[in-house]
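Dear colleague,

Please find below the structure that I am handing over to you, together with its sequence. My findings follow directly after it.

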Amino acid sequence: MNPRQLLVPLAFLSLAIAGEQLFADDLLSVAADFEGGSVAEVEIDPAAGSIRFMPGGDPARGWPCWWYFRIDGIQPGQAITLQLRGSTATVGNQPPLGASWAMPKRATYSTDGKTWQQTDPGQRDGHIMTYKLTPDASSVYVAWGPPYTPKTAERLATRLSEASPHVEAMQLCRSREDREVPMLHFHEGTRTAEQRFGVWIQARQHAWESGSSWVAEGFADWLAGDDPQAAWLRQHADVYLVPIMDIDNTATGNGGKNAIPRDHNRDWAAKPHWNEILAAQQKVGELIDQNRMDLFIDLHNPGPGDSTFFFVPSRELLKPQAADSTDDFMELAHQRISSIKPSIPMSNKPRVTGSTYHPLWRQISTNWVSLNGNPNTVSVCLETAWNSPTSTPTGYKAVGENLAIATQQFLAKQPKKP
């Protein structure tokens with residue numbers, strides 16, 4: 001019998017397969033059989049309106065901390081209780097991932113799959129985090145954070161390229177699982193390539209870090225707009241933006257971080273495993289060859305207790321001009337982002353991805369760009385806090401907009417291209 005069609009006339013249901021769906025007399029049910037969906041070990045108590053679950057995902061494809069599923073069969077106005085446990089999935093002899101990575105202080109939910117909001121703070125009791133919500137709908141999507149799927153990236157590229165003659169929708173490459181990786185190119189006016197700064201923005205090298213894609217969208221929306229500073233940036237630079245690098249794990253609801261054989265941000269090697277990294281290396285390499293790899297920004301989300309901050313390459317990798325310029329850019333960005341209201345928590349103390357950070361530290365994207373870049377290349381990683389009341393699409397996009405403004409302010413202070 002197909003478990004998707006199984007009728008179980010019991011008050012308590014248990015499901016151990018991510019993406020499957022069980023029905024109990026047309027009462028509560030759970031589904032994750034859609035793009036980005038992920039859940040495991042689901043247990044439903046229809047009478048109590050309670051759903052107990054773990055994050056889904058194959059641990060070989062990255063940290064199993066991402067969860068995103070739909071609850072159906074709700075009576076509008078019915079109180080729903082989510083009881084989240086950390087994943088017990090492992091790879092080899094490694095211990096399970098710490099539960100805090102899967103347990104945001106507030107869960108994210110939506111009744112239409114488009115507009116996302118947060119629950120009240122959850123309550124943690126030992127290994128269980130409990131969230132409560134009362135949706136005014138028969139179905140509700142719930143997630144670790146606001147989802148941003150490949151289709152979302154496609155819609156961004158289509159929307160901006162159709163609305164503006166200064167935005168070109170492109171394809172970075174096709175992934176190993178044959179998915180398109182959308183990329184946007186912003187440029188305006190008659191300046192030649194040699195007369196333009198080169199800017200590369202990329203997000204989501206770790207698939208579970210969905211907030212980074214919203215930051216990228218905020219950057220893109222501002223840059224495509226009518227602000228005179230945005231027009232200046234389009235006229236004086238070629239800006240390339242990739243909203244999702246790890247497209248396959250994002251699509252399939254896997255974590256991506258520490259994926260086998262390497263995650264995307266440890267794959268900037270002489271022979272990358274991932275198609276997206278090879279393609280990005282080639283595009284960034286072209287800018288380097290043209291002596292105009294001016295600014296490289298890699299967008300991420302950090303640990304559960306972290307505020308927003310920058311990761312930077314070890315000082316030993318930076319040429320003197322690049323070191324000073326990196327400090328200048330980070331100061332501008334900190335001024336802009338820390339002034340956002342409501343407040344986006346941000347530290348002005350960068351962290352270093354040097355030799356003690358990770359064995360493959362030279363294969364981290366920002367380090368690879370610094371090692372191979374031009375004398376003035378600024379290469380940084382922005383980690384935007386995901387565990388705060390402002391870790392929403394609106395909050396993330398505000399970070400992206402202000403990061404874009406800082407980019408314009410920084411480049412406007414640089415010597416003009418010949």
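In what follows, helix axes are lines fitted to C-alpha atoms over the stretch in contact, and angles run from 0 to 180 degrees between N-to-C directions. Please bear in mind that this is a predicted model.

Helix packing around α8

With that convention, the axes of helix α6 (residues 320-337) and helix α8 (residues 393-412) cross at roughly 140° and come within 8 Å. Angles over 145 degrees would count as roughly antiparallel and those from 65 to 115 as roughly perpendicular; α6 and α8 are therefore oblique to each other. The crossing in which α6 passes α8 is right-handed. On the α6 side, the contact is made by S325, D328, F329, L332, A333, R336 and I337. The α8 side contributes V399, N402, L403, I405, A406, T407, Q409 and F410. By class, the residues of this contact between α6 and α8 comprise nine nonpolar, four polar and two charged.

Helix α8 also meets helix α3 (residues 228-236), with axes that come within 10 Å and cross at roughly 60°. Accordingly, α3 and α8 are oblique to each other. The crossing of α3 and α8 is left-handed. Here Q229, W232 and L233 of α3 are in contact with A404, I405, T407, Q408, Q409, L411 and A412 of α8. The residues of the contact of α3 with α8 divide into six nonpolar and four polar, with no charged residue.

Pockets and cavities

The largest pocket has a volume of about 420 Å³. Its lining consists of 18 residues, of which G113, K114, T149, T152 and R155 are the closest to the centre of the pocket. Which helices supply at least two residues each to this lining? They are α1 (150-163) and α2 (211-223), and α1 gives the most, with five residues. By class, the lining of the largest pocket has eight nonpolar, three polar and seven charged residues.

The volume of the largest cavity is about 50 Å³. The residues that line the largest cavity are G36, W66, Y68, P147, Y148, T149, R204, A207, N249, T250 and N254. Five of these lining residues are nonpolar, five are polar and one is charged. T149 is listed in the lining of the largest cavity and is also among the residues closest to the centre of the largest pocket.

Backbone geometry

The peptide bond from I260 to P261 is cis, with omega near 10°; P261 is found in the loop between α4 (247-252) and α5 (275-289). Another cis peptide bond joins K341 and P342, where omega is about -5°. P342 lies in the loop between α6 and β18 (351-352). Finally, E41, a residue other than glycine, has a positive phi, near 50°. E41 belongs to strand β3 (residues 40-45).

With kind regards

Note on methods:
Residues are numbered from 1 along each chain as its sequence is written. This is a predicted model: local features need pLDDT of at least 70, side-chain atom pairs count only at pLDDT 80 or more; totals for chains, interfaces and linings use all residues. Side-chain values use heavy atoms; hydrogens and water are left out. Helices (H or I, at least four residues) and strands (E, at least two) are DSSP runs, numbered from the N terminus. Angles under 35 degrees count as roughly parallel, over 145 as roughly antiparallel, 65 to 115 as roughly perpendicular and the rest as oblique. A crossing is left-handed if the near helix is turned anticlockwise from the far one by less than a right angle, and right-handed if clockwise. Contact means heavy atoms within 4.5 Å. Ala, Val, Leu, Ile, Met, Phe, Trp, Tyr, Cys and Pro count as nonpolar, Asp, Glu, Lys and Arg as charged, and the others, Gly among them, as polar. On a 1 Å grid over the protein atoms alone, a cavity is a set of points where a 1.4 Å probe fits but cannot get out, and a pocket is an open set with protein on both sides within 12 Å along at least five of seven lines; lining residues have an atom within 4 Å of a point. Grid points are joined across faces, edges and corners, and a volume is the space filled by probe spheres set on the points.
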